[in-house]
Amino acid sequence: MLVEKNVPLQPFNTFHIVAKAHALVRVGSEADVRELLADPEWGGTPKFVLGGGSNVVFTGDVKPVVLKVEVKGRRLVEETPRAFIVEAGGGEIWHDFVAWTLAQGYPGLENMALIPGTVGASPVQNVGAYGVELQDRFDSLDAVDLQTGQLFTLNAAQCAFGYRDSVFKHGGTVQSGGHQVLGLKDRALILRVRFALPKAWKPVLGYADIEKKMAEQGCIQPTAQQLFDWVCAIRRAKLPDPAVIGNAGSFFKNPTVTPEQCADIIARDPKVVHYHLADGSVKLAAGWLIDSCGWKGKSVGQAGVYEKQALVLVNRGAGTDGNGATGGEVMTLAKAIQTSVYERFGILLEPEPVVV
Ligand code: EPU
């Protein structure tokens with residue numbers, strides 16, 4: 001087992017924030033985790049699991065041992081009458097995996113094209129875009145317990161998926177479908193994820209940006225590949241490419257409010273973008289709330305609000321020369337945005353990324 005010391009984390013986070021890991025271990029299989037746990041020096045020390053680094057803000061050097069997930073591989077596991085069950089290693093790049101499934105003839109993930117990050121991090125966030133969330137295509141996952149080294153498998157109910165939420169984001173206990181499950185925050189390293197991709201595939205449409213593409217192209221029944229191409233084009237037009245401008249995707253979750261709270265906000269500004277959900281609650285577009293407080297293009301130091309989408313915070317620094325935004329600047333900007341949205345609309349925005 002190789003424990004690397006003082007490892008720069010800038011290449012391993014999509015915000016390109018400069019930080020170091022005091023110690024870093026690359027995990028290629030469960031055996032690597034077991035070896036680490038059995039090690040007299042490192043076994044009992046706190047650990048931090050790093051996937052694609054697309055959902056973290058480093059506010060300083062990381063003291064826990066960083067476990068960088070590099071589990072590879074993708075394969076068809078089995079074919080059931082209804083679905084192709086396809087598996088990928090936690091260290092696979094999410095977008096490359098999505099493209100691979102389409103090339104193999106297993107559609108179903110196309111609406112989630114170009115989401116930054118790795119396959120292993122995707123269930124933690126229950127990633128989603130353009131009407132499809134990971135939980136809609138999820139079959140099961142294998143993980144290793146970071147305290148005992150034991151391998152375990154979870155189905156969807158055990159993952160307690162919610163909007164950008166799962167059992168992996170909570171300690172204590174979590175409610176899932178009327179049951180209590182044990183929170184797995186800092187406890188699990190996801191090795192492999194399996195997806196059930198429906199044989200009776202139907203395009204998931206209805207999202208405004210997708211409908212616009214259909215109208216533009218005069219197409220009412222797109223193929224999975226067309227949807228994939230449209231989603232890539234839509235995202236490239238409004239979201240910054242982390243390879244060019246450091247960012248972690250949407251910085252805040254879209255808040256959910258009661259119809260009464262929504263009516264109160266509409267009274268303050270009738271233009272507020274909102275969607276009625278099946279359970280009677282109302283989802284507000286956080287990007288719109290931030291935008292209407294005048295934040296687009298504003299900065300704190302080298303941390304800024306993206307000009308084309310106010311929900312995305314960006315690192316305006318050069319990226320590799322150490323002159324970029326610090327995690328402190330990103331968080332100062334985030335707090336200022338939270339305060340101004342709260343003062344204007346009475347809504348406290350909740351950040352999406354993990355702050356380390
Ligand atoms: N809007 C503004 N101003 C802005 C940004 C947005 O007025 O600066 C308005 C838009 O015009 C639109 C509404 O807000 O009417 C919603 O914007 P958009 O359709 O771009 O989606 P979003 O709510 O900002 C969510 C996800 C994205 C996902 C898209 C598409 C969250 C927090 N974000 O963004 O996910 O790609 O929908 O499904 O749920 C991510 O999580 O990292 C992410 C990029």
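Q: Leaving aside its neighbours within four places in sequence, which residues is Pro255 in contact with?
A: In this predicted model, Pro255 is in contact with Val282, Lys283, Leu284, Ala286, Leu289, Ile347 and Leu349, once neighbours within four places in sequence are left aside. Pro255 itself sits in the loop between strand E15 (246–250) and strand E16 (256–257).

Q: Why is Pro255 called buried?
A: The label applies to a residue with under 20% relative accessible area, and Pro255 has a relative accessible area of 13%, so Pro255 is buried.

Q: How far apart are Pro255 and Gln147 in sequence and in space?
A: The two residues are 108 residues apart in sequence, and their C-alpha atoms are 34 Å apart in space.

Q: What makes the buried residues of H1 line one face of the helix?
A: The buried residues of helix H1 (residues 30–38) are Glu30, Val33, Leu36 and Leu37. Seen down the axis of H1, these residues fall within an arc of 120 degrees, and therefore they line one face of the helix. What covers them includes strand E2 (20–27), strand E3 (47–50) and strand E5 (65–69), together with E10, E11 and E14. H1 lies across E10, E11 and E14, and runs at about 160 degrees to E14.

Q: What makes E6 and E11 the edge strands of their sheet?
A: The open sheet has 5 strands in the order E6-E7-E14-E10-E11, with antiparallel pairing. Strand E6 (74–79) and strand E11 (151–155) each pair on one side only, and these are the edge strands. Neighbouring strands of this sheet are turned by 25 degrees against each other on average, direction ignored.

Q: How do you know that E6 and E7 count as paired strands?
A: Pairing requires at least two bridges between the strands, and E6 is joined to E7 by 5 bridges, so the two strands pair, running antiparallel.

Q: Which residues touch the most other members of the largest nonpolar core?
A: This core holds 46 residues, and those touching the most other members are Trp94, Phe97, Leu141, Phe168 and Phe195. The elements giving two or more residues to this core are strand E7 (83–89), helix H2 (94–104), strand E10 (138–145), strand E14 (188–198), helix H6 (208–217) and helix H7 (224–238). H7 gives the most, with 7 residues. The core draws at least three residues from each of domain 2 (74–198) and domain 3 (208–238). In soluble globular proteins, nonpolar side chains tend to be buried together.

Q: What does Leu141 touch, not counting residues up to four places away in sequence?
A: Leu141 touches Pro123, Phe152, Thr153, Leu154, Cys159, Phe168, Ile190, Arg192, Val193 and Arg194. A second, separate core of 45 residues includes Phe15, Ile17, Phe48 and Leu289.

Q: Why are the buried residues of H6 said to line one face of the helix?
A: The buried residues of H6 are Asp209, Ile210, Lys213 and Met214. Seen down the axis of H6, they fall within an arc of 145 degrees, so they line one face of the helix. These buried residues pack against H7, whereas the face turned away from the buried side carries the exposed residues Ala208, Lys212, Ala215 and Glu216. After H6 comes Gly218, whose phi is positive, near 60 degrees.

Note on methods:
Residues are numbered from 1 along each chain as its sequence is written. This is a predicted model: local features need pLDDT of at least 70, side-chain atom pairs count only at pLDDT 80 or more; totals for chains, interfaces and linings use all residues. Side-chain values use heavy atoms; hydrogens and water are left out. A nonpolar core is a set of buried Ala, Val, Leu, Ile, Met, Phe, Trp, Tyr and Cys residues joined through side-chain atoms within 4.5 Å. Buried means under 20% relative accessible area, exposed over 50%, partly exposed in between (1.4 Å probe, protein chains only). Helices (H or I, at least four residues) and strands (E, at least two) are DSSP runs, numbered from the N terminus. Domain bounds come from an automatic or database domain assignment. Contact means heavy atoms within 4.5 Å. The arc is that of the directions from the helix axis to the C-beta atoms. Axes are lines fitted to C-alpha atoms, for helices over the stretch in contact, and angles run from 0 to 180 degrees between N-to-C directions.
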